[in-house]
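Hello,

Here is the structure I promised to pass on. Please have a look at it first, and then read my notes below.

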Amino acid sequence: MKSKFGKVILAGVLGLCLATNATAATIKDLQGAWTMNGTKCEDTFKKVGKTIEFKDRTASTSTGLLISGSKVTGPNAVCTTKSVKKQKDRLSATLSCTDSMIESDMTQTFKIVDANTFQRFDPFGDNMYVTYQKCDM
């Protein structure tokens, strides 16, 4: 279950990063560290020189994501975008995710709130979502 949770988190951000009709500046704005609303960035990440790393990527409580270029690293998996469709005020991304044992495709829906916030919607509840904040590190 831990692995699937990590993939779902990654799915939202990777779609956010790669799926919009964004300019390079917009993608540049999405680079860096993100964490679930209510989670402190300093509890999830550490700065090592000029880079940001997970304090403990294997921790089951890690809710962070690191975006560098088109690569999104989460607690348990890495995803890549296969396709994206606009659905009203949201985007739906089909993703290919890989953890240490399994590769699978999934669809994730999300909404960009602003440059520092996005919402990842639960596939089983249209009004259920998790909010992520960008870490300023």
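A disulfide here is a pair of cysteine sulfur atoms within 2.5 Å. With that cut-off, a search of the whole structure turns up two disulfides. Please keep in mind that this is a predicted model, where local features need pLDDT of at least 70, side-chain atom pairs count only at pLDDT 80 or more, and totals for chains, interfaces and linings use all residues. Residues are numbered from 1 along each chain as its sequence is written, and side-chain values use heavy atoms, with hydrogens and water left out.

**The disulfides**

One of the two joins cysteine 41 to cysteine 135, with an S to S distance of 2.0 Å. The pair links distant parts of the chain, 94 residues apart: cysteine 41 sits in helix 3 (residues 41–44), and cysteine 135 in the segment after strand 10 (125–134). Helices (H or I, at least four residues) and strands (E, at least two) are DSSP runs, numbered from the N terminus. The torsion about the S-S bond of cysteine 41 and cysteine 135 is about -85°, so this disulfide is left-handed. Both cysteine 41 and cysteine 135 are buried; buried means under 20% relative accessible area, exposed over 50%, and partly exposed in between (1.4 Å probe, protein chains only).

A disulfide also joins cysteine 79 to cysteine 97, at 2.1 Å from S to S. Cysteine 79 belongs to strand 6 (residues 78–87) and cysteine 97 to strand 7 (residues 90–98), so the pair ties together parts that are 18 residues apart in sequence. The link of cysteine 79 and cysteine 97 is right-handed, with 105° about the S-S bond. Cysteine 79 is buried, as is cysteine 97. Counting bonded cysteines along the chain, the disulfides follow the pattern 1-4, 2-3.

**The loop between strand 6 and strand 7**

Which residue in this loop has a positive phi although it is not a glycine? That is lysine 88, with a phi of about 55°, and it lies in the loop between strand 6 and strand 7. For context, most residues other than glycine have a negative phi. Lysine 88 counts as exposed because its relative accessibility is 78%.

**The salt bridges**

Searching the whole structure also gives two salt bridges, a salt bridge being a side-chain nitrogen of Lys or Arg within 4 Å of a carboxyl oxygen of Asp or Glu. Aspartate 89 takes part in a salt bridge with lysine 111, the closest N and O atoms being 3.1 Å apart. That pair links distant parts of the chain, with aspartate 89 in the loop between strand 6 and strand 7 and lysine 111 in strand 8 (residues 103–114), 22 residues apart. The side chains of arginine 90 and aspartate 89 meet in a salt bridge too, at 3.8 Å from N to O.

**A hairpin**

Strand 2 (residues 45–48) and strand 3 (residues 51–54) pair in the antiparallel sense over four bridges; two strands pair if DSSP finds at least two bridges between them. Strand 2 and strand 3 form a hairpin with two residues between them, and glycine 49 in the turn has a positive phi of about 65°. Lysine 47 stands opposite isoleucine 52 in strand 3.

Best wishes
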